[in-house]
Amino acid sequence: MLLRLPTSVSAAQECLAEGAVPIGGATLVWATWQRDGFPELAMSLRDVPEANVLGRETVGGAVVLDRMDGRVPDVLRLAAAGVGTGAVRRTATVGGNLVGSALRCLLPAAIVLDARATVLEPHGVHETDLSELVAKRPVLLSLRWREPIACAYRKLAGEAGGPPPLVVASAVHADDGGGRLRVAVREGYDVLSGSAPCGTDTEEVLDALRATAFADLPAAAWQVVRSQVTGLPGGRGRD
Ligand SMILES: Cc1cc2nc3c(=O)[nH]c(=O)nc-3n(C[C@H](O)[C@H](O)[C@H](O)COP(=O)(O)OP(=O)(O)OC[C@H]3O[C@@H](n4cnc5c(N)ncnc54)[C@H](O)[C@@H]3O)c2cc1C
């Protein structure tokens with residue numbers, strides 16, 4: 001296997017056009033490749049500046065999970081901190097998690113941030129939404145969002161060998177007509193999301209949320225949503 005390390009987006013695009021497979025920290029692919037054989041050509045984005053941005057409103061696809069500290073909103077920092085073990089987090093990347101993994105602990109956080117993805121394809125760079133990112137699995141260069149007013153993240157403890165633990169993420173955004181609360185829940189391997197205008201009455205906000213994708217959420221999971229929303233400024237009304 002030849003591993004290319006392009007240093008610019010245009011060089012990465014050329015690698016892609018030559019059929020290079022993107023690789024992050026190889027925490028997922030290594031075992032599969034050892035078993036099934038290595039691809040002829042792979043490329044890492046670790047030397048591409050656009051894939052290494054890290055800030056309040058952006059993160060690059062090549063950023064290692066362990067680097068996601070107080071520079072990113074808490075919802076994303078906590079999501080990254082909850083992935084696997086320290087050894088995995090020191091190697092695994094944002095792109096590998098969001099595009100390449102089945103668990104995608106970062107996805108609920110990215111959804112509530114209303115993040116947009118900048119992706120690289122053989123014919124160029126373009127912006128897309130998270131559902132297309134997950135469905136079409138292009139090469140992720142970076143994510144971009146507007147900083148929320150407040151946010152929260154919770155991942156329940158899982159049992160070894162059991163189903164993926166519940167994840168609940170939420171964020172309050174300033175909207176033109178007032179605040180908007182976004183909530184995303186990973187239940188099993190499914191990720192549900194909904195939003196509601198912030199209000200002065202928590203029960204009204206919760207009712208509005210419940211009427212979105214969460215109508216069939218099991219009671220125990222809804223309790224976790226309820227407690228998280230109640231703790232956010234947007235769940236109690238605008239402060
Ligand atoms: C012990 C262990 C525990 C784990 N626990 C969790 C957990 O709790 N929560 C969770 O969410 N995940 C968990 N994972 C999975 C983890 O998220 C992935 O292993 C990791 O995120 C993959 O990142 P990577 O950079 O190593 O990807 P790689 O292994 O390098 O690649 C994985 C896939 O992603 C593709 N890919 C890589 N980078 C990009 C990119 N920029 N754009 C598009 N595609 C790309 C590759 O082509 C490949 O198909 C766990 C993994 C392990 C080994």
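The largest pocket of this predicted model holds about 950 Å³ of space. Here a pocket is an open set of points, on a 1 Å grid over the protein atoms alone, where a 1.4 Å probe fits, with protein on both sides within 12 Å along at least five of seven lines. The volume is the space filled by probe spheres set on the points, which are joined across faces, edges and corners. Residues are numbered from 1 along each chain as its sequence is written, and side-chain values use heavy atoms, without hydrogens and water. Local features need pLDDT of at least 70 and side-chain atom pairs pLDDT 80 or more, whereas totals for chains, interfaces and linings use all residues of the predicted model.

The lining of the largest pocket comprises 40 residues, and Gly-24, Thr-93, Gly-95, Gly-96 and Asn-97 lie nearest the pocket centre; a lining residue has an atom within 4 Å of a point. Two or more lining residues come from each of β2, α2 (29-36), α5 and β8. Helix α5 gives the largest share, five residues. By class, the lining has 21 nonpolar, 14 polar and five charged residues, with Gly counted as polar.

The ligand takes up the space of the largest pocket, the criterion being that more than half of its atoms lie within 2 Å of the grid points. The elements giving two or more residues to the shell around the ligand are β2 (21-23), α5 (94-100) and β8 (139-144). Again α5 gives the largest share, five residues. There are 29 residues around the ligand, and Pro-22, Gly-24, Gly-25, Thr-27 and Thr-93 come nearest; to be near, a residue must have a heavy atom within 4 Å. This shell has 16 nonpolar, 11 polar and two charged residues.

A backbone N or O atom of Ala-26 lies 2.8 Å from a ligand oxygen, and one of Gly-84 lies 3.1 Å from a ligand oxygen. For Lys-155, a side-chain N or O atom is 2.9 Å from an oxygen atom of the ligand. The ligand taken alone exposes 960 Å², of which the protein buries 83% (Shrake-Rupley method, 1.4 Å probe).

Key
Polar contact = N/O pair within 3.5 Å; in protein donor to acceptor, adjacent residues only side chain to side chain. Helix = DSSP H or I, 4+ residues; strand = E, 2+ residues; numbered from the N terminus.
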